[in-house]
Amino acid sequence: MALDQQLLHQHLMKPAVGQGTRIPFLLVRERDVMASIFFVVLMILAGSHLLVGPFSAKPGFNSGWTLRNSNGSISISGEVPGGVYSSLLRANVLQDGDFYYRYNDLGYRWVSKDNWTYSTKLQVTSKELASERVALVFEGLDTVAQVKVNDVLVGRSDNMFVRYIFDVKDYLKVEGDNDLSISFESPVGYAKDEYEQQKADYVVPPKCVVPEFRGECHANHIRKMQASFSWDWGPAFPNLGIWKPWTLASWNSLRIADVLFAAVPASSLPNVPTALRPAWNVTVKAFFDIANSSIPLVGSISVELEGIFNSTTEVDTMPKEDVYTFTTSVFVDEDKVDMWWPNGYGTQRLYDLTVGWKNKHRPEESSKSVRVGFRTVELNQDFVVSEDESKGRHYRVVVNNVTMFMKGSNWIPAHVLPEQVTSKYTKELLEAAANTHQNCIRVWGGGIYESDEFYKIADQLGILIWQDMMFACSMYPVNQSFLDSVTQEVETQVRRLQHHPSILLWAGNNENEAALRGNWYGTWMNFTRYKKDYIKLYVDTIRVTVQKEDLSRPFVVSSPNNGIESEEEGFIAKHPYDNKYGDVHYYNYYGDAWNWRTYPRTRFGSEYGFQSWPSFLTMKQVTVEEDWSRSSHMMSHRQHHPLGNTELNLQIGVHMHMPPNSLVGYQYFLYLSQVHQAVAIKTETEFYRRGMSSLNENGEGFTMGALYWQLNDIWQGASWSSIEFGGRWKMLHYYAKNFFAPVIASPWQDHDQVKVTVINDLFEEVNNVQLKVQLRRWDSFDPVLELETLHIVPANTAHEVVQYSLLDDLKLDVLCSDNSLYFKPEDKCFIWTTLTAGKREHNNFLLLGSPKDADIKKATLKIKDVSADTSGTLDVTLSSDEVALFVWLETPEEGVFEDNGFIMHSQEVMVKFYPKDNLLDPSQLKQNLRVWSLSDTYNEEDHQRFKKNSTMKNRTF
């Protein structure tokens with residue numbers, strides 16, 4: 001048995017209990033032209049960067065490209081920017097439909113194993129060639145390529161995340177066409193070759209992904225999207241192509257590339273959100289590509305901030321390198337600008353910052369505008385108890401001097417082929433996060449540095465971005481060429497993204513410290529070597545490069561990580577998941593996911609989650625009827641997490657009955673997987689939020705972050721997402737709207753006590769908070785007991801407000817008795833809470849027992865009426881003859897419901913539907929609307945079998 005397989009076997013023999021990642025079952029897991037005096041070229045590069053300049057230039061042609069494979073048997077039109085896969089599908093070379101249809105991830109794999117060449121024709125003028133510099137500028141080449149002009153090699157690429165400039169003046173001709181070709185090497189073949197070359201010295205693991213991934217090996221040996229070789233939630237489509245804009249640029253002096261911005265308040269800020277408009281010390285830095293380093297630069301650089309300040313600096317210098325760096329400092333008086341705030345804490349005021357170059361001796365200009373925000377950010381790691389350092393350190397985000405609880409999720413690529421992701425879809429996903437009170441999203445390190453549009457939208461919505469560098473779940477080479485490429489990568493991306501106020505921090509990698517310390521890949525045999533490599537890459541190369549470019553925000557070496565404690569332990573902590581330090585990734589598939597005791601009291605939960613399947617509406621888009629069974633081969637094929645289906649069946653079975661293995665049962669199984677996931681993440685998230693203000697005797701607690709895994713999906717399959725591929729909300733996302741609300745009441749059971757903690761994210765005391773705690777029976781629409789209390793809830797705290805004995809105060813034995821002896825009292829009743837504070841209302845529930853044991857009657861749910869109001873919102877009125885649990889509304893119509901997956905404890909309820917198209921007719925929605933609840937998943941035989949097998953048990957609180 002190969003080493004990797006031995007490790008897998010060892011992991012499979014152990015339960016996945018305790019802190020860690022999903023990896024206990026995996027070997028690899030996750031987790032810019034210039035211008036001539038004759039015309040103006042406007043070019044938008046990757047979204048938010050606008051370059052303006054009157055130049056003689058050739059913006060990148062998006063048409064006129066030919067794409068052919070290695071032996072010439074395929075020759076088609078190639079879309080640029082784009083990728084080989086997408087062009088082949090458009091040309092009908094890939095004839096089996098959508099990339100994600102059934103087994104096309106396997107059927108189309110041949111594409112990634114061939115070499116592909118893009119070619120086109122260029123025409124240049126004598127005036128363009130008379131410029132001091134003429135260059136091809138590529139914002140992104142995916143990945144390993146040779147660039148030729150008129151059959152002369154002018155440059156090579158080996159990193160998807162690097163901006164390349166290749167000088168071509170000496171190879172271009174004025175008369176006739178110039179041939180431009182870009183030949184891409186198979187990423188699969190290249191990665192294998194690099195692995196084999198490295199192996200001659202020593203192996204840089206992992207050797208390959210596990211079979212369940214149905215992927216390709218050695219992604220860690222090529223600098224491209226790691227997940228394109230597959231992951232435990234997505235398919236393998238190792239793409240090739242000119243995936244970002246390109247241009248043929250000519251210039252004589254300077255051509256602007258990037259603009260960086262930093263602002264420091266001139267005075268201390270209050271520690272609560274405020275409309276204060278302080279003075280700021282601003283630093284602006286700009287990077288320019290130099291045309292000729294042997295010619296003096298004479299001209300001026302202007303810096304303008306939206307009418308707030310405008311400065312011009314004369315330049316007369318002899319450049320020393322190929323890049324000219326300009327830095328200026330400006331003081332902005334108080335009451336001139338508003339601060340930028342994260343979602344939920346204030347407004348997101350953005351300002352246009354424009355930096356421009358003007359050549360004194362030639363009519364040549366170059367400028368770029370970016371949108372910036374005024375804010376500060378800090379990662380506070382003070383000791384939680386200054387007198388007792390053994391209690392550990394904080395790990396809390398401070399924005400504008402305000403300590404904030406980070407509520408959010410993790411982001412993965414929205415499609416395995418980046419060219420398939422539209423700005424519209426990106427906006428929909430990020431808006432879905434913002435609309436569920438999320439203020440932070442972690443861009444996970446196995447995907448891509450996202451498009452400028454992504455960060456622009458995050459800026460507008462107030463979503464802080466925890467930005468991983470693109471290294472995940474692997475050891476990586478540290479030969480000099482690899483390190484040089486990584487340095488270019490980090491420079492490219494930090495300079496591109498630094499000005500965005502949404503960027504919270506940079507993180508060196510995803511889980512690689514944990515992988516090394518935890519011996520995921522057998523590195524214990526040569527731990528000293530791999531530790532040295534780890535420090536050389538992430539500390540001596542990535543951290544040094546990031547901090548050279550940007551000191552305006554924190555850098556953490558890894559996630560999870562013990563922060564300062566890890567650094568003090570030599571960057572590889574003995575226990576990277578120590579609850580008293582840093583952030584934790586936690587996955588446990590064999591405990592009771594609906595029990596809060598399962599979860600760690602951590603400082604910051606930056607990853608945690610449970611799988612579910614997409615809805616039938618989503619699955620049927622890429623499957624056929626023979627796939628619609630829990631035991632079908634397709635369900636195995638779409639489950640990339642080893643033992644994933646087994647674990648999910650076990651998790652569902654803890655609290656719910658498994659439906660029959662039929663077509664209807666298949667649809668209900670998909671639904672039940674979402675029920676389990678929603679309640680599990682609700683339980684875990686509320687536990688983390690309840691822990692924000694308390695510390696136990698071991699120093700655990702003061703939790704200040706909960707980022708569940710994961711927000712979005714990459715395809716239609718089993719995953720940890722709260723939003724299905726395409727944008728349909730899972731039950732979890734509806735629940736996130738509730739458990740991430742600014743003020744919530746969280747009921748929880750502690751032995752024979754029911755306690756309610758009120759979490760208040762607001763920075764103001766909330767007075768006259770009315771809390772109703774109801775004991776309700778599953779067989780009645782009326783509460784059997786209601787206790788009402790008034791409270792004052794302190795600002796920015798989690799505060800336990802009531803504690804009731806189940807027997808003495810709630811009279812569970814009396815009010816929830818069952819004469820039939822089939823049910824225990826906790827199976828007859830549940831807890832419902834309502835918190836009211838002015839216009840705020842928050843409802844929540846606590847199940848006292850498992851639904852599979854509960855006396856839940858078969859509910860007949862009906863859609864009584866669907867009507868429209870003047871805004872285009874539709875009101876759906878439902879009726880039920882019994883209390884219904886996990887009521888689910890589903891429609892193919894695009895839009896979201898006001899609530900979903902709820903307990904219906906009244907005979908009639910109205911739920912709003914917000915359609916994307918405000919012209920949606922009510923009758924159309926009614927015709928295309930289904931509703932069901934948990935009891936629909938149980939047939940009569942299930943109920944009878946349950947009753948026969950039920951016996952009275954002693955109560956165990």
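Buried means under 20% relative accessible area, exposed means over 50%, and partly exposed is the range in between. The model discussed here is predicted.

## A nonpolar surface patch

Three residues make up a nonpolar patch on the surface: Tyr590, Leu643 and Leu650. Together they have about 250 Å² of accessible area.

Leu650 sits in helix α14, which covers residues 644–655. Its relative accessibility is 46%, so Leu650 counts as partly exposed. That value lies between the 20% and 50% cut-offs.

## Disulfide count and pattern

A disulfide is a covalent bond between the sulfur atoms of two cysteines. With sulfur atoms required to lie within 2.5 Å, the count comes to 2 disulfides. Counting bonded cysteines along the chain, the pattern is 1-2, 3-4.

## Cys208 and Cys217

Cys208 is joined to Cys217 by a disulfide, with an S to S distance of 1.9 Å. Which hand does the disulfide of Cys208 and Cys217 have? The torsion about its S-S bond is about -70°, so it is left-handed.

Cys217 has 23% relative accessibility and therefore counts as partly exposed.

## Cys816 and Cys829

A disulfide also links Cys816 and Cys829, and here the S to S distance is 1.9 Å. The S-S torsion of this pair is about -110°, so the disulfide is left-handed. Cys816 lies in the loop between α17 (812–815) and α18 (825–828). Cys829 belongs to strand β38, residues 829–837. The pair therefore ties together parts that are 13 residues apart in sequence.

Are these two cysteines, Cys816 and Cys829, buried or exposed? Cys816 is buried, at a relative accessible area of 0%. Cys829 has 1% relative accessibility, so it counts as buried too.

Cys440 is in no disulfide. For Cys440, the nearest cysteine sulfur is that of Cys473, 19 Å away. Cys440 is buried, with a relative accessible area of 0%.

Cys473 is in no disulfide either. Which cysteine sulfur is nearest to that of Cys473? The sulfur of Cys208 is, at 15 Å. Cys473 has 0% relative accessibility, so it counts as buried.

Technical notes. Residues are numbered from 1 along each chain as its sequence is written. This is a predicted model: local features need pLDDT of at least 70, side-chain atom pairs count only at pLDDT 80 or more; totals for chains, interfaces and linings use all residues. Side-chain values use heavy atoms; hydrogens and water are left out. Patches are made of residues with over 30% relative accessible area and no salt bridge: like charges are joined within 9 Å, nonpolar side chains (Val, Leu, Ile, Met, Phe, Trp, Tyr) within 5 Å. Accessible areas come from the Shrake-Rupley method with a 1.4 Å probe; for residues, only the protein chains shown count as cover. A salt bridge is a side-chain nitrogen of Lys or Arg within 4 Å of a carboxyl oxygen of Asp or Glu. Helices (H or I, at least four residues) and strands (E, at least two) are DSSP runs, numbered from the N terminus. Buried means under 20% relative accessible area, exposed over 50%, partly exposed in between (1.4 Å probe, protein chains only).
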